[in-house]
Protein chains: 2
Amino acid sequence: MTTSRRQATQDTVQDTPNYGPVIRQRRKALGMTLDDVAKATDLTIGFLSQVERGISAPSLSSFMRIAGALQTSLEELLKVPEPYMEYVPKDSRQTYVLGKSKRLYEKLGPGFPGALTYPCIIHRPPGHVSEHMQHEGEVFCYLLSGSLEYHLGNKVFIMTPGDSIHHDTSKPHFSKVLGDEESVELWVSSTPIKTPG
Amino acid sequence: MTTSRRQATQDTVQDTPNYGPVIRQRRKALGMTLDDVAKATDLTIGFLSQVERGISAPSLSSFMRIAGALQTSLEELLKVPEPYMEYVPKDSRQTYVLGKSKRLYEKLGPGFPGALTYPCIIHRPPGHVSEHMQHEGEVFCYLLSGSLEYHLGNKVFIMTPGDSIHHDTSKPHFSKVLGDEESVELWVSSTPIKTPG
DNA sequence: AAAAAATTTTAGTATTGATAAACTCAACCG
DNA sequence: CGGTTGAGTTTATCAATACTAAAATTTTTT
């Protein structure tokens, strides 16, 4: 054909997200060197440097390993950066109702591009028992109101307003809302809390 | 190294989503042939056949062109299929509050994997004016209650309960909630309605 | 200023992403 | 029944590249 596919690809390079800088930003935000990522992905620092500078394109499987090493997802690296506001007036929060239990989730971040933590407020009804969790990362929770029975590994804490907890999420954990009122919990997590589609 | 990166890749093949069958299913659901997709993506039918059968791996840019041809996204093709229920009891719906206007969105689908349409019910407060939209696809809306002023291109319709509208979404459209009560609208769209992450 | 760390750059190549075309199979039609 | 057509599979091939190893350069640290 008169127009090579190579040229066709070049013509559509505009459509390829500029993931190089996004990868570099995330890597630096995590305090990692090219060598750190190279070891985690079984790729070389030279190649990763080229990927970050847009000189070379990784295969899909390499891209996924890079995303894994950076504790993020393909989707996060490829998507158009979402709008952010550092300052969130309390009456302008994005809110969601989650699940059959009608938990209310108030999103407070991201406050800037490349943020590594996800702040939110969660309202849970009396008696609600959260999912048992265990995954890589860390979390901080401050109880604004209500009462919680927080299970962390084989420890149990009764939390009242003003109490907080900060832990490694690789330890199994869950909590139950005590008493007759809903709990209001301020969370800052290293992984986004899953909100349905 | 004694373990080739190819083997390393093979070792992690379990981690690579099984997108081949997902691509084929979506292509067939859209009534497209390999030739149709080949023409849309500037790839060959032999290659696409191999991709769908997991024999060959497309580059990231080719993958994105395939996703485009299939009117879907990388994320949709790569993600673990979401749980689905054909039958949705009215008190078991997933709900979300959207935006500052506090629209309520009740998810009714997908009813099966590979579905091409997205059913939902949307509740909107009095006076709410929707975003002006214009994109590829089609939509059907049935007004359950309330009243709407629906703008489609340069046509305006006053919708009352029981009325419906079904149109090509490439025409510019938006609507406003009339009267003092909220509207309750049943929608079936060819594209997912955006819900904040 | 020197050393160390981090990154960039270069040369190289085994592998592959993708093609062209032959082949196979099922469905359809005269 | 044989020929044609549509759809998909398979094979041989190769230009391009995904990625490496190592040298060179830059930046940071001491």
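1. Helices (H or I, at least four residues) and strands (E, at least two) are DSSP runs, numbered from the N terminus.

2. Keep in mind that this is a predicted model, where local features need pLDDT of at least 70, side-chain atom pairs count only at pLDDT 80 or more, and totals for chains, interfaces and linings use all residues. Residues are numbered from 1 along each chain as its sequence is written, chains are lettered from A and ligands numbered from 1 in the order in which they are written, and side-chain values use heavy atoms, with hydrogens and water left out.

3. Have a look at helix H3 (residues 34–41) of chain A, where Val37(A), Ala38(A) and Thr41(A) are buried. Looking down the axis of H3(A), its buried residues fall within an arc of 105° (taken from the directions from the helix axis to the C-beta atoms), so they line one face of the helix. Lys39(A) and Ala40(A), on the other side of H3(A), are exposed.

4. What do the buried residues of H3(A) pack against? Helix H2 (19–29), helix H4 (45–52) and helix H5 (60–69) of chain A, with contact meaning heavy atoms within 4.5 Å. Just after H3(A), Asp42(A) takes a positive phi of about 65°.

5. On to chain B: at 1% relative accessibility, Tyr150(B) counts as buried, and Trp187(B) counts as buried at 11%. In chain A, Tyr150(A) and Trp187(A) are buried too.

Definitions and conventions:
Buried < 20%, exposed > 50% of the residue type's maximum accessible area, 1.4 Å probe, protein only.
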